[in-house]
Amino acid sequence: MLARQPYTSGPLRHSGEPMTKEFWIGDVLSGKYDSSEVELCGWVHRTRGSKKIRFLVLRDSTGTLQCVIKREIVGDECFESLSNALIESSIRVKGIVKNTDREHGHELVVESGIVIGHVNPENPFPITESAMSEADGGETEFLLDNRHLYLRTGRMTKMLKIRSTVFGAVHSYFRDREFIEYQAPNFVAGAVEGGSTLFEVPYFGKKAYLTQSWQLYAEAAMPALERLYTIAPSFRAEKSRTRRHLTEFWHAEMEIAWGGNVEVMNHGEALVRSIAGTLLEEREGELIELGRDIGLIQNYADSKYPRMRYDEAIEALQQKGVSVEWGQDLDYSKEKVLTQDFDVPHFLTHYPRIAKPFYHRPDPDDPKYVLCHDLLAPEGYGEIIGGGERTWSESEILERIDEEGTPREPYEFYIDVRRYGGVPHGGFGMGIDRVCAWLSGADHIRETIPFPRDSRRVTP
RNA sequence: GCCGACAUAGCUUAGUUGGUGGAGCGGUGGACUGUUAAUCCACAGGUCGCAGGUUCGAGUCCUGCUGUCGGCGCCA
């Protein structure tokens, strides 16, 4: 046990002495420091008490802990100082960890403490219980306006931890399989999809656009790296107002040489299952606290994902009485009907050529179709992966560009990839925020990203 | 681009056929307590989104505007 040195309030250490943090609330809660002295740094979550005793719930990034402050122990000056600390003031307290029989388990019997960052009573912390109880499941305008403060509340903190684990799982999946991480530019000259959804930015007297996808530039590096991936933001100027869309979203993309639709699809399935599995290992507690059914996630990690051709999907829809014609792309309302038959993600493959852009390779067995796939998440979360085999010969890519009426000029570099030793290759893009929303059970994709961007909001 | 809702204190909201806008949380002061979304008393805090209109009188009815939210299409 450390020597008990009174730690009185006083001027902060401004001399450059490091303020390293040695103890974490999560460790205290695990029992690691029972009956020991610790110094905790954190923020006031809640506080209550009388003139003699004060109960202060302290929060740090790893949990919350009740600190008991008694006037007779800490003295008048320290007691008053800590008692006046409003919600979200930052403090340091030193004391003895006690493992109690009470509902919260561990607590800290404070011996000394100091307020580090004050909160002005004229401007108290605006995120109140009432604001959050309304938000539990939905997000009010107020919470979106105060996103920078909402981040430090329990629900957002859990979402951010889950998000971090998902990002980590993506990196691990690809790096474990010797993929090379590769970065494409965010300023681009041309579109991947139709031009209407591009963000235009002034670029030294010219026009540039924010990228919608890493794909075209990844294909350029495919002959160099053969297996490559990225995690990067993509931008789409869609005025979409749904729980699945952001204008700035995080895109995990991969590209492989010497592979086709099936190999790419196998990677997509393995990646998503690996993310679900990693979440169970690392974030089960957070998922449960968010009210997620762990059995569902277990099923997503363990099950094979069914695969269905577009034609079968059309047939299934028609049998259900949904009016849909062959050749139509499947919009969300139809995806949702299809998804109801599955309790795990499922692939849709072989869309009609006329429904997909030029870079999708026509199926040599039946050129009416292209070798592509979408992965649809269950529970109404919709498409999380889109990918497939690329058109890889020069003659075929020119034919497809021309039949689509797309100008060749911006894609010359892309066509060059085919002119110099083209090989079969393919890849996919996964919407990471959508995966986070689905696996965490979020009601809106906005809940999974710290500062969401949509067609009506770029602040804070 | 299309469709639908909503806008009252810092937050969450009540507000009846149009007749002087209330409460809970948060804040301040006090009481009290091994409390735990503590409790109790008191106080402060409102251009009822903005601009017009109807009316003796508008938070309430009408019109326009602005903002936000939800959904569709599009997609990841």
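The model is a predicted one, in which local features need pLDDT of at least 70 and side-chain atom pairs count only at pLDDT 80 or more, while totals for chains, interfaces and linings use all residues. Residues are numbered from 1 along each chain as its sequence is written, chains are lettered from A and ligands numbered from 1 in the order in which they are written, and side-chain values use heavy atoms, with hydrogens and water left out.

**The barrel**

Helices (H or I, at least four residues) and strands (E, at least two) are DSSP runs numbered from the N terminus, and two strands pair if DSSP finds at least two bridges between them. Five strands form a closed barrel in the order E1-E2-E3-E5-E4, and their pairing is mixed. From one strand to the next, the twist averages 55 degrees.

**The open sheet**

Eight strands form an open sheet with mixed pairing, in the order E6-E10-E11-E18-E17-E16-E13-E12. Strands E6 (180-181) and E12 (307-309) stand at the edges with a single partner strand each, so one side of each is left without a neighbour in the sheet. Helix H8 (residues 215-225) packs on the sheet and touches E6, E10, E11 and E18, its direction making about 30 degrees with that of E11. Helix H9 (residues 261-282) lies across E11, E12, E13, E16, E17 and E18, running at about 30 degrees to E18.

| Strand pair | Sense | Bridges | A bridge pair |
|---|---|---|---|
| E6 and E10 | parallel | two | Glu181 and Tyr229 |
| E14 and E15 | antiparallel | two | Asp363 and Asp366 |

The strands E14 and E15 form a hairpin with two residues between them.

**A pair of helices**

Helices H12 (residues 310-319) and H13 (residues 332-339) pack at an angle of about 85 degrees, with their axes 10 Å apart. They are therefore roughly perpendicular to each other, a term that covers angles of 65 to 115 degrees. Ala313, Ala316 and Leu317 of H12 make the contact with Lys334, Val337 and Leu338 of H13.

**The second largest pocket**

A pocket is an open set of points on a 1 Å grid over the protein atoms alone, where a 1.4 Å probe fits, with protein on both sides within 12 Å along at least five of seven lines, and its lining residues have an atom within 4 Å of a point. The second largest pocket is lined by 32 residues, of which His45, Thr153, Gly154, Arg155 and Lys158 lie nearest its centre. Helix H7 gives the largest share of this lining, five residues.

Conventions: Axes fitted to C-alpha atoms, helices over the stretch in contact; angles between N-to-C directions. Parallel < 35°, antiparallel > 145°, perpendicular 65-115°, else oblique. Contact = heavy atoms within 4.5 Å.
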